[in-house]
Amino acid sequence: MGRIVISTNVTLDGVSQDPTGEEGTSVGGWFLRISASDRDAWAALASKEADSTAAFLLGGRSYEWFAQRWVDRKDTWATSLKAVPKFVVRSSPGRSDWGPTAVLDGDLEAALRGLKSDVDGDIVVYASYQLVRALLTYELVDELRLVVFPSVNGGGGRLFDDVGARLSLREVSQLGTSLVFLRYDVDAGK
């Protein structure tokens, strides 16, 4: 049986929106305001996570964003990411050329429960905040991994807008010189 793991980056005040500034929001670009050594530490953690991931679960827009950046790369990390099976939840047609990709359709909750039953290992969700909220609502999330960035935005979309969860702390560690890695188990039932 699979474990659904939400793995994402957030600011100190919980903003997950527009990390690279490409959406053009007033709160965007916070991911880019870290040192090269912090970026290297973040990349090492993300690469290690990809190596132990059984499948990725992504919303359609997030799949498009990641595929655009990773499909043509040839380094070891890109090769590892491409090999991992991907499951996409989308409401409109889109690309499916980033390694093995299947679209989940029909009854979303049933499809997600079926995926969790069929995959053995960690099913990691990157970005895909609308999907994350659905997963939390359906009580299908087993673990939450956050990299907290040293930025207070004062506004912007947050990972947990309009949804809650009970968490049990599993790990806290410094990542690089200014990032914090938090790992939580998600308790069943809110």
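In which sense do β1 and strand β5 (residues 121-125) pair, and over how many bridges? In this predicted model, where local features need pLDDT of at least 70, side-chain atom pairs count only at pLDDT 80 or more, and totals for chains, interfaces and linings use all residues. Residues are numbered from 1 along each chain as its sequence is written, and side-chain values use heavy atoms, with hydrogens and water left out.

β1 and β5 pair in the parallel sense over five bridges; strands (E, at least two residues) and helices (H or I, at least four) are DSSP runs numbered from the N terminus, and two strands pair if DSSP finds at least two bridges between them. V5 stands opposite V124 in β5. An open sheet of eight strands has the order β4-β3-β2-β5-β1-β6-β8-β7, with mixed pairing. β4 (101-104) and β7 (166-175) stand at the edges, each with a single partner strand, so one side of each is left without a neighbour in the sheet.

The largest nonpolar core has 32 residues, of which W42, W77, W98 and F149 touch the most other members. Such a core is a set of buried Ala, Val, Leu, Ile, Met, Phe, Trp, Tyr and Cys residues joined through side-chain atoms within 4.5 Å, buried being under 20% relative accessible area (1.4 Å probe, protein chains only). The largest share of this core, five residues, comes from α1.

D13 is found in the loop between β1 (2-11) and α1 (36-51). The side chain of D13 reaches the backbone nitrogen of N153 at 3.1 Å, a polar contact (a pair of N or O atoms within 3.5 Å, of which, within protein, one must be able to donate a hydrogen and the other to accept it; residues adjacent in sequence count only if both atoms are side-chain atoms).

Terms used. Buried means under 20% relative accessible area, exposed over 50%, partly exposed in between (1.4 Å probe, protein chains only).
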